[in-house]
Amino acid sequence: MNVDAIAAEHATRLRDVDPLLPAPARFGPESPGTVLTAAAAGSAAAGLASFAEVAADARDALWRPLIEHRLKVRLGGPDPAAAMEALLADWETHLAETVASGDWDTAAVVPRPSRDSTGSAELLRHGFAPARVVAVRPADRLAAAGPDTTPGVRIRPAEHDDLATAVRLRLDLERYDAQFGIVTLRANAEQEVTAELAELLDADEPTLWIAELYGQPLGIVQVQLPPASGWIEPLVAADRVGYLTALNVAGEARSTGVGSALAAHAHQVFDEAGIEAVLLHHALANPRSTPFWYAQGYRPLWTYWYRRPAVR
């Protein structure tokens, strides 16, 4: 099977599915991982099976399992779902030969364009569930006056005296998200979050803001602008990409407009920086973040299907 031909057909289908998807990267000798191919019902699939591991005390370990086995998929032919089933079966064999079973801190992950539902039933049959989404908000410039104000809400750049408040709100967000199977609370979470936010407070340009409600600091929003956001640029067809790292509001301030005010402020920051598209991650099962972000103009771009542990 010609992997490049499969990839070309896959790319053609995705162009019709979602104009914000980037052109799929080529699977070549330089690709990190193992290229798998499969065929069924006159259709063909190619997959790049890769492996990544982080140490338990690494900052990235706060947001993911320690060991991830990923499969990037390319589908071609008149019955791409059948080809997907055949590819997943081959990957299962590959995983069974290389992965110890039963370790919760491992995951098998299949990223899929959110609007390309082909293969969803096959993923479910193999024990995967849609768990994490990369959502996108194309540029939608606000008026020169900026976002509307919310009574009682003041948003200002975070200062060094706000570090404890910002850490508390970030850790509250992590604890809540940990219920949904992606974020994993680590023993060093407070230490790592404190170090990360302290670095932001030392930066020349603000990327962390505090929301006060009638003088009480009860919300935060954290963003990344280019070049810091360059790591996520390949996921979207845009030249200047921003990333909304985190937004959280204390429980006593929910449903007061603080969260929407923080989001609008972040969007104004992105607009002023000439950002073409803003990306963020959220847990699909989160009953707060999923409706909130889509009310702010976001929509799913990539859906990550997870199975934990990677091999049962």
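## Exercises on a predicted protein chain

Leu208 is buried, because its relative accessible area is 3%; buried means under 20%, exposed over 50%, and partly exposed in between, with a 1.4 Å probe and protein chains only. This is a predicted model: local features need pLDDT of at least 70, side-chain atom pairs count only at pLDDT 80 or more, and totals for chains, interfaces and linings use all residues. Residues are numbered from 1 along each chain as its sequence is written, and side-chain values use heavy atoms, with hydrogens and water left out.

### Exercise 1: Leu208

Place Leu208 in the fold and list what it touches.

**Solution.** 
- Step one: find the element. Leu208 lies in strand β7. Strands (E, at least two residues) and helices (H or I, at least four) are DSSP runs, numbered from the N terminus.
- Step two: list the contacts. Contact means heavy atoms within 4.5 Å. Not counting residues up to four places away in sequence, Leu208 touches Pro157, Ala158, Ala166, Leu197, Leu200, Leu201, Ile220, Val221 and Gln222.
- Step three: check a distance. The C-alpha atoms of Leu208 and Ser101 are 41 Å apart in space, and the two residues are 107 apart in sequence.

### Exercise 2: the whole chain

Compare the radius of gyration of the protein chain with the globule rule.

**Solution.** 
- Step one: take the rule. It is 2.2 Å times the number of residues to the power 0.38, and the radius is taken over C-alpha atoms.
- Step two: apply it. For 312 residues a compact globule would have a radius near 20 Å; the protein chain has 21 Å, so the two agree.
- Along the principal axes, the C-alpha atoms fill roughly 65 × 45 × 35 Å.
- The protein chain holds seven helices and 11 strands. Of its 312 residues, 51% count as buried.
- Step five: look at the contacts. Among those with a separation of 6 or more, 76% are between residues 24 or more positions apart.

### Exercise 3: helix α2

**Solution.** 
- Step one: work out the span. The expected span of a helix is 1.5 Å times one less than its number of residues.
- Step two: pick out the buried residues. They are Pro80, Ala83, Met84, Ala86, Leu87, Leu88, Trp91 and Leu95.
- Step three: name the cover.
- Step four: zoom in on Pro80. This residue is buried, because its relative accessible area is 13%. Leaving out residues up to four places away in sequence, Pro80 touches Ser43, Leu75 and Thr118. Pro80 and Ala39 are 41 residues apart in sequence, with C-alpha atoms 9.4 Å apart.

### Exercise 4: helix α4 and His160

Repeat the helix test for α4, then locate His160.

**Solution.** 
- Step one: check the length. The 15 residues of α4 should span 21 Å; the end C-alpha atoms are 21 Å apart, so this agrees.
- Step two: find the buried residues. Among them are Thr165, Ala166, Val167, Leu169 and Arg170.
- Step three: name the cover. It includes α5 (189-202), β7 (208-213), β8 (216-224) and β9 (241-249).
- Leaving aside neighbours within four places in sequence, His160 is in contact with Leu201 and Asp202.
- Step five: relate His160 to α2. Leu88 is one of the buried residues of α2. The C-alpha atoms of His160 and Leu88 are separated by 50 Å.

### Exercise 5: backbone exceptions

Which peptide bonds are cis, and where do Tyr214 and Ser255 lie?

**Solution.** 
- Step one: recall the rule. Most residues other than glycine have a negative phi, and most peptide bonds are trans.
- Step two: find the cis bonds. One joins Pro226 and Pro227, with omega about 5 degrees. Another runs from Arg308 to Pro309, with omega near -10 degrees.
- Pro227 sits in the loop between β8 and β9, and Pro309 in the segment after β11.
- Step four: take Tyr214. Its phi is positive, about 50 degrees. Tyr214 lies in the loop between β7 and β8. At 65% relative accessibility, it counts as exposed.
- Step five: take Ser255. Its phi is positive, about 65 degrees. Ser255 lies in the loop between β9 and α6 (258-272). It is exposed, because its relative accessible area is 84%.
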